[in-house]
2 protein chains.
Amino acid sequence: MLANRVRHTVAFTLVHPEGSPEERDFLQAAERLEDIPGVGAFELLAEVSPKNGYRFGISMEFADRAAYDRYNEHPDHIRFVQQRWLPEVSEFLEFDYAAR
Amino acid sequence: MLANRVRHTVAFTLVHPEGSPEERDFLQAAERLEDIPGVGAFELLAEVSPKNGYRFGISMEFADRAAYDRYNEHPDHIRFVQQRWLPEVSEFLEFDYAAR
C-alpha cells in the first residue's frame, strides 16, 4: 500500500435469512457507500473462511486518515449506520490497515 | 475480485515488544511467505484501527480455493506456522474473502 493510505475493512453478518429480499436490499444499500466522497477500491465481498461465522465483508481505501475521517462524518455514512447497519447487522468486526 | 479468487487475511499481535529485534525478525520471516507458490498480492501491513488491539495484518490472494489449499499444505507454510506463528503470535483472527 502507498504511504498514508488506509484500507478500512469490516466483516459482518446480517439479521436477515440467507438469500432473503431483506438481505439483498441491505447489500444494495451498502454498495452505495461507494458513492461517498473519498471512498476508493470499494468491494462488497463474501466472507468464506470456515474458521468464523461472518458472511460478508466490505473493503474500501482512503488516501489518508483525514479522508477516512471525512467519510465517517459524512451524512450519508451516518444515515446508513443509523438506519441500516445498527438494526440489520447482527455481528461485525472492523480492521484498518496501512503500510508499515 | 475475480471469480474463484480468494483473499486470505489475518490480523495479529506478537508476544514480542513493539520495535524489538524479535518483532523485526518475525516480520522478516513472515514476509518470506510470499515466496510460497500460488501466493499473490502479498502484503504485510500495520493494523491501525483504534477499535481493536491487533498490530499487524497479512493479506494474500490465491487464484482459487485449490491454490489456497496447496499453500496451506506447503512444507514452508507448515514449518512457519509451527516454528514461528504458534510460539510468537499472541492473538489472531483470520478472514477469507471472495467475490459475491
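User: What makes the largest cavity, with a volume of about 140 Å³, a cavity?

Analyst: The largest cavity has a volume of about 140 Å³, where a volume is the space filled by probe spheres set on grid points that are joined across faces, edges and corners. On a 1 Å grid over the protein atoms alone, a cavity is a set of points where a 1.4 Å probe fits but cannot get out, whereas a pocket is an open set with protein on both sides within 12 Å along at least five of seven lines. Rolling a probe the size of a water molecule over the atoms shows where empty space is left. A search of the whole structure finds one cavity of 30 Å³ or more. This is a predicted model, in which local features need pLDDT of at least 70 and side-chain atom pairs count only at pLDDT 80 or more, while totals for chains, interfaces and linings use all residues. Residues are numbered from 1 along each chain as its sequence is written, chains are lettered from A and ligands numbered from 1 in the order in which they are written, and side-chain values use heavy atoms, with hydrogens and water left out.

User: Which residues line the largest cavity closest to its centre?

Analyst: A lining residue has an atom within 4 Å of a point, and of the 17 residues that line the largest cavity, A:R7, A:T9, A:Y97, B:T9 and B:Y97 are the closest to its centre. Strand 1 of chain B gives the largest share, four residues; strands here are DSSP runs of E with at least two residues, and helices are runs of H or I with at least four, both numbered from the N terminus.

User: How are the residues of that cavity lining divided by class?

Analyst: The lining of the largest cavity divides into eleven nonpolar, four polar and two charged residues, where Ala, Val, Leu, Ile, Met, Phe, Trp, Tyr, Cys and Pro count as nonpolar, Asp, Glu, Lys and Arg as charged, and the others, Gly among them, as polar.

User: What lines the largest pocket?

Analyst: The largest pocket, with a volume of about 290 Å³, is lined by 20 residues, and A:H8, A:H77, A:V81, A:E94 and B:K51 lie nearest its centre. Helix 3 of chain A gives the largest share of this lining, five residues, and by class the lining has twelve nonpolar, four polar and four charged residues.

User: Why is A:F12 called buried?

Analyst: A:F12, found in strand 1 of chain A, has a relative accessible area of 0%; buried means under 20%, exposed over 50% and partly exposed in between (1.4 Å probe, protein chains only), so A:F12 is buried. Contact means heavy atoms within 4.5 Å, and, not counting residues up to four places away in sequence, A:F12 touches residues including A:F26, A:L44, A:W85 and A:F92. The C-alpha atoms of A:F12 and A:L93, 81 residues apart along the chain, are separated by 6.6 Å.

User: Is A:T13 buried or exposed?

Analyst: With a relative accessible area of 14%, A:T13 is buried. A:T13 also lies in strand 1 of chain A, and its contacts beyond four places in sequence include A:G53, A:Y54 and A:E88.

User: How do you know that the radius of gyration of chain A agrees with a compact globule?

Analyst: The radius of gyration is taken over C-alpha atoms, and the globule rule is 2.2 Å times the number of residues to the power 0.38. With 100 residues the rule gives a value near 13 Å, and chain A has 14 Å, which agrees.
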